Amino acid sequence: MSCLYTYPGFELLLTDIARAENCHLYDAEGRRWVDLESGVWCTPLGHTHPRVVQALAEQASRIAHTGYAYTCRVVEEAAREILGLLGMDGGRCVLLCSGSEAIEYGVRIAQAVLERPLLLTMSDSYFGAYGSANRRHRDEWFAFDWLSCAECPADETCGAACPRFAQIPFARVGGFLFEPGSSSGFVRFPPAKLIKTIARVVQEAGGLLLVNEVTTGMGRTGRWFGHEHYDLVPDIVALGKGLGNGYPVAATAVAPAAAARLFESTIKYAQSHQNDPLGAAVAREVLRTIREENLIERGREIGAFLLAGLEAVKERTKRIRAIRARGLMLAVEIEGDAQAALLTHRELVRRGFIIALRPGSSVFRIDPALTVPRADVEAFLAAFEEVLRGAQVAP
Ligand SMILES: Cc1ncc(COP(=O)(O)O)c(C=O)c1O
């Protein structure tokens, strides 16, 4: 009997993982699992990457935490690297502790500087465990249901002539918070023409474009950031998850023009671990490792390989309803109900493979590290095909 309280809905299947290396988890007896979920999509460099472990240990032995009156060079360097990668040189960046917090901070900034009260977002987006974006009060948020836009003929433009688009109360919208691809775990990618049009209308009217890159950042979608697939120029970006490769560090980055507006406002946001050097050292090392080891390109290649393999499994088994993918961010919806998916999940874990099952659905999410060995992807594809064929689905 455990005294832990764990997140409801998910089955806790392995209770004694003793160590991990890249995509491999080992229990105390040396049994091995391939983690194709990267924890909670958090380890783009795989578990216990030597460069991250070294950066963590070195910084922890120097100074882990600072006060409001003093800081360290590593924090400035991490912030500068984040801004540089986002094309926000000259802007401002704050290091925080979770993706939820990075989004909340971005929303607070927007609410402090915007003249129009509403923030626009997509109805299926997820922004975290708490804060305004999580609560979505009607006087603060307009949630746009875009799902039927996915079937819109490509040559139609988004504008006032479209009754759906015309529902968006742009006259009251001060900002647009866009999540480029997670869709509450379903991994859907809103159409580019819709997103580009909304971003243009909002920004041309002096509003802010906020982008949630908590899941889609750090190479997950085959580019550094998910918004690059949409040619957007964000004003505020929230980063989390992969930024710390398993260590809880997140960031809110603000482009120069929006940062200038920030200094005119009175935003107050205090918590004890803003701009901690320990998180900064990890984030800086993660960014450098991804860049120096060409992992964005590698992720793109291995993602294409995994997608082609899944398409082939779909063709051969007829047991897959849909595959959605961008880089190494994939969702696979299988035929059958949630119970069948649960059994498939258990069987995959029994065979040594971990992917995510969205509770109560038949949607699996696959988000391996950018460093995932090709052999593990091949072994997973073979196991997945066998399990889908119903070889040994345990009761
Ligand atoms: C798309 C997206 N945004 C934000 C968050 C919140 O991040 P965190 O759980 O690190 O607070 C999550 C978490 O899963 C997420 O998937």
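Which residues does glutamate 335 touch, not counting residues up to four places away in sequence? In this predicted model, where local features need pLDDT of at least 70, side-chain atom pairs count only at pLDDT 80 or more, and totals for chains, interfaces and linings use all residues, the residues touched are Arg319 and Arg321. Residues are numbered from 1 along each chain as its sequence is written. Contact here requires that the C-beta atoms of two residues, placed from the backbone, lie within 7 Å. Glutamate 335 is located in the loop between strand 12 (329–334) and helix 11; helices (H or I, at least four residues) and strands (E, at least two) are DSSP runs, numbered from the N terminus. Glutamate 335 has 14 C-beta neighbours inside 10 Å and therefore counts as partly exposed. A residue is buried if 20 or more other C-beta atoms lie within 10 Å of its own, exposed if 12 or fewer, and partly exposed in between, with C-beta atoms placed from the backbone. Valine 363 is 28 residues from glutamate 335 in sequence, with a C-alpha to C-alpha separation of 9.5 Å.

Glutamate 156 counts as exposed because it has 12 C-beta neighbours inside 10 Å. Its C-alpha atom is separated by 9.2 Å from that of lysine 193, 37 residues apart along the chain.

Two residues other than glycine have a positive phi. For methionine 218, phi is about 60°. Methionine 218 belongs to the loop between strand 8 (208–212) and strand 9 (236–239), and it counts as buried because 31 C-beta neighbours fall inside 10 Å. For lysine 241, phi is about 30°. Lysine 241 is part of the loop between strand 9 and strand 10 (250–254), and with 28 C-beta neighbours inside 10 Å it counts as buried.

The next results concern helix packing. Two packed helices are described by the angle between their axes and the distance between the axes. Axes are lines fitted to C-alpha atoms, for helices over the stretch in contact, and angles run from 0 to 180 degrees between N-to-C directions. Helix 2 (residues 50–62) packs with helix 9 (residues 277–292) at an angle of about 155°, and the axes are 9 Å apart. That makes helix 2 roughly antiparallel to helix 9, given that angles under 35 degrees count as roughly parallel, over 145 as roughly antiparallel, 65 to 115 as roughly perpendicular and the rest as oblique. Their crossing is right-handed; a crossing is left-handed if the near helix is turned anticlockwise from the far one by less than a right angle, and right-handed if clockwise. Helix 2 contributes Arg51, Val52, Ala55, Leu56, Gln59 and Ala60, which meet Pro277, Leu278, Ala281, Val282, Glu285, Val286 and Thr289 in helix 9. By class, this contact of helix 2 with helix 9 has nine nonpolar, two polar and two charged residues. In this classification, Ala, Val, Leu, Ile, Met, Phe, Trp, Tyr, Cys and Pro count as nonpolar, Asp, Glu, Lys and Arg as charged, and the others, Gly among them, as polar.

Helix 9 also packs with helix 3, at an angle of about 40° and with the axes 8 Å apart. Helix 3 and helix 9 are therefore oblique to each other, and their crossing is left-handed. From helix 3, the contact takes in Val74, Val75, Glu77, Ala78, Glu81 and Leu85; from helix 9, Pro277, Ala280, Ala281, Ala283, Arg284 and Leu287. The contact of helix 3 with helix 9 comprises nine nonpolar, no polar and three charged residues.

Isoleucine 82 is also found in helix 3 (residues 73–85). With 24 other C-beta atoms within 10 Å, isoleucine 82 is buried. Apart from neighbours within four places in sequence, isoleucine 82 is in contact with Cys93, Leu239, Ala251 and Ala253. The C-alpha atoms of isoleucine 82 and leucine 287 are separated by 8.0 Å, at 205 residues apart along the chain.

The axes of helix 11 (residues 338–350) and helix 12 (residues 374–388) come within 10 Å and cross at roughly 140°. These two helices are therefore oblique to each other, with a right-handed crossing. Thr344, Glu347 and Leu348 in helix 11 meet Ala383, Phe384 and Val387 in helix 12.
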